[in-house]
Amino acid sequence: MSRHMKAYSEAAAASNITVTEHEVTFDPDASWVKFHLGINRFALYSREDPAIPRLLKEMQSMTVVSADYTQDEKALKGACDCTQVVKPSGHHLKLALKMQNFAKAMFKPMRQQRDEETPEDLFYFVDFQRHNAEIAAFHLDRILDFRRVPPVAGRLVNVTGEVLQVTHNEDLRAVFFNSPANNTCFFAKCLYVCKTEYAVCGSPDLLEGSLSAYLPGLSIAPRISIPNPWIRSYTFTGREEWEVNPFFCDTIKQLYPYNSGNRLLNIIDMSIFDFLISNMDRHHYEIFTKFGDEGFLLHLDNARGFGRHSQDEMSILAPLSQCCMIKRSTLVRLQLLARPEYRLSDVMRESLEGDPLRPILTEPHLLALDRRLQKVLGVVQRCVRRLGEAEVITRDFVKSTERPQAATEKKKVR
């Protein structure tokens with residue numbers, strides 16, 4: 001690495017590469033500030049929040065003043081005190097960009113063309129992260145009226161002027177190189193599979209990517225990351241209990257915090273969302289600690305969605321099919337989007353037209369949403385036939401699901 005750094009430094013000096021300094025100004029009326037202030041116990045933003053369309057538009061052109069690795073990458077070198085990180089690989093590349101008005105966004109570069117599908121033999125935990133999946137997931141989350149995905153916009157980023165020339169991180173600068181086609185490229189800094197073969201390249205400097213608005217800092221709005229009860233094994237041969245026990249939900253219903261309130265229903269909402277985007281990588285979920293047990297679940301990191309439009313992975317719906325519960329508000333929205341005049345694919349197509357990188361999804365992916373929506377409604381119908389509507393369709397806030405004898409055990413689990 002020292003030889004690599006020396007060679008880079010010499011090349012940088014010869015090319016007159018210096019860190020570009022920008023004056024930064026804070027605006028209390030900035031859209032990102034309004035977004036942060038609008039977060040409440042029910043959602044990240046209200047339905048008619050004017051700050052969200054403003055923020056989406058501004059993220060497309062904000063001046064980038066600094067680029068750095070995210071906390072995930074820094075944790076590998078002990079440079080941050082992150083307690084829960086994803087170990088990056090060459091397939092996992094993202095950067096934190098700071099803007100002139102103090103806004104901050106996560107940049108995920110394009111790794112696949114729109115019409116490429118994830119190979120059948122590829123495990124979900126080594127799949128590429130797709131920038132267009134992040135964009136599409138935000139729009140779908142908003143259409144479903146969940147509003148649990150931070151705003152995401154597509155953008156063409158100049159990787160020379162908006163990353164290389166503004167970063168103060170020498171490790172990041174060291175992974176830039178020019179390809180044989182004279183395009184500017186860079187690759188991930190990580191423990192394994194980090195080679196130039198896995199680099200992303202501009203054309204020659206411009207690179208598509210998604211910009212996801214950062215949430216308030218943990219010192220202002222603490223969050224905790226909690227393992228998903230329906231987590232997958234993340235091994236080649238292992239299987240989790242929920243995959244072999246069809247009554248797994250009966251156990252979960254007795255455990256805190258799933259034995260009362262909205263938490264289990266929110267898990268089921270999340271599984272419906274993940275099924276629609278075909279995301280098998282939901283190993284954890286996050287909540288804001290300020291809102292307590294009844295706060296909503298954040299739907300973060302959706303870049304492994306929309307990998308295969310030709311396959312519907314029914315196991316993602318295990319929380320719904322095993323628990324046979326769904327919020328009435330969620331079901332009403334799904335039924336509305338199944339009607340011809342409000343067809344989900346049509347609403348998504350129209351919504352995605354507002355992004356500068358359109359088309360975000362190919363037509364087969366849009367049509368797959370309609371097909372998967374029908375399968376979700378089919379699972380609900382089977383549950384209703386078996387258990388009755390009163391047992392399956394619930395209010396958004398429900399009574400305890402625990403057995404009386406389990407109530408005394410709550411403190412122990414807690």
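Me: What is the handedness of the crossing where α10 passes α14?

Reply: The model is predicted, and everything that follows is read from it. α10 passes α14 in a right-handed crossing. The axes of α10, residues 263-277, and of α14 come within 9 Å and cross at roughly 145°.

Me: Which residues of α10 and α14 meet there?

Reply: On the α10 side they are Ile272, Phe275, Leu276 and Ile277, and on the α14 side Leu369, Arg372, Leu373, Lys375 and Val376. By class, the residues of this contact comprise 7 nonpolar, 2 charged and no polar.

Me: How do I read a helix for its buried side? Which residues of α13 are buried?

Reply: The general idea comes before the case. An α-helix has 3.6 residues a turn, so residues three or four places apart point the same way. In α13, which spans residues 344-352, the buried positions are Leu344, Ser345, Met348, Ser351 and Leu352. Viewed down the axis of α13, these residues fall within an arc of 130°, so they line one face of the helix.

Me: What do the buried residues of α13 pack against?

Reply: Their partners are three helices: α5 (131-143), α12 (328-337) and α14 (363-387).

Me: Now the core. Which residues touch the most other members of the largest nonpolar core?

Reply: Phe186, Trp230 and Met348 do, in a core of 106 residues. Met348 is also one of the buried residues of α13. The largest share of the core, 10 residues, comes from α10.

Me: Which residues does Phe186 touch, leaving out those up to four places away in sequence?

Reply: Phe186 touches Leu93, Leu95, Phe107, Val159, Val175, Phe176, Phe177, Ala199, Val200 and Leu207.

Me: How should I set this against the whole chain? What percentage of its 414 residues count as buried?

Reply: The buried share is 52% of the 414 residues. The chain holds 16 helices and 12 strands. Among contacts with a separation of 6 or more, 75% are between residues 24 or more positions apart.

Me: Loops next. Where is Asn228 found, and is Asn228 buried or exposed?

Reply: Asn228 is in the loop between β9 (223-227) and α8 (241-244). Its relative accessible area is 8%, so Asn228 is buried, the cut-off being under 20%. Apart from residues up to four places away in sequence, Asn228 touches Ile267, Met270, Arg282, His283, His284 and Tyr285. One of these, Arg282, is 54 residues from Asn228 along the chain, with the C-alpha atoms separated by 7.1 Å.

Me: What is His309 in contact with, leaving aside neighbours within four places in sequence?

Reply: His309 is in contact with Glu117, Pro364, His365, Ala368, Arg371 and Arg372. Arg372 also belongs to the α10 and α14 contact. His309 lies in the loop between β10 (284-288) and α11 (318-323). From His309 to Leu369 the C-alpha separation is 8.6 Å, across 60 residues of chain.

Me: How many residues lie between Asp145 and Ser329 in sequence terms, and how far apart are they in space?

Reply: Ser329 and Asp145 are 184 residues apart in sequence and 9.2 Å apart in space, C-alpha to C-alpha. Ser329 lies in helix α12 and is partly exposed, with a relative accessible area of 38%.

Me: Last, the peptide bonds. What is omega for the bond that joins Tyr256 and Pro257?

Reply: Omega is about 5°, and the bond is cis. Pro257 lies in the loop between α9 (248-252) and α10. The bond from Arg358 to Pro359 is also cis, with omega near 0°. Pro359 is placed in the loop between α13 and α14.

Definitions and conventions. Residues numbered from 1 in each chain as written. Predicted model: local features only at pLDDT ≥ 70, side-chain atom pairs only at ≥ 80, totals over all residues. Heavy atoms only, no water. Buried < 20%, exposed > 50% of the residue type's maximum accessible area, 1.4 Å probe, protein only. Helix = DSSP H or I, 4+ residues; strand = E, 2+ residues; numbered from the N terminus. Arc of directions from axis to C-beta. Contact = heavy atoms within 4.5 Å. Axes fitted to C-alpha atoms, helices over the stretch in contact; angles between N-to-C directions. Left-handed = near helix turned anticlockwise from the far one by under 90°. Nonpolar A, V, L, I, M, F, W, Y, C, P; charged D, E, K, R; others polar. Core = buried A, V, L, I, M, F, W, Y, C linked by side-chain atoms within 4.5 Å.
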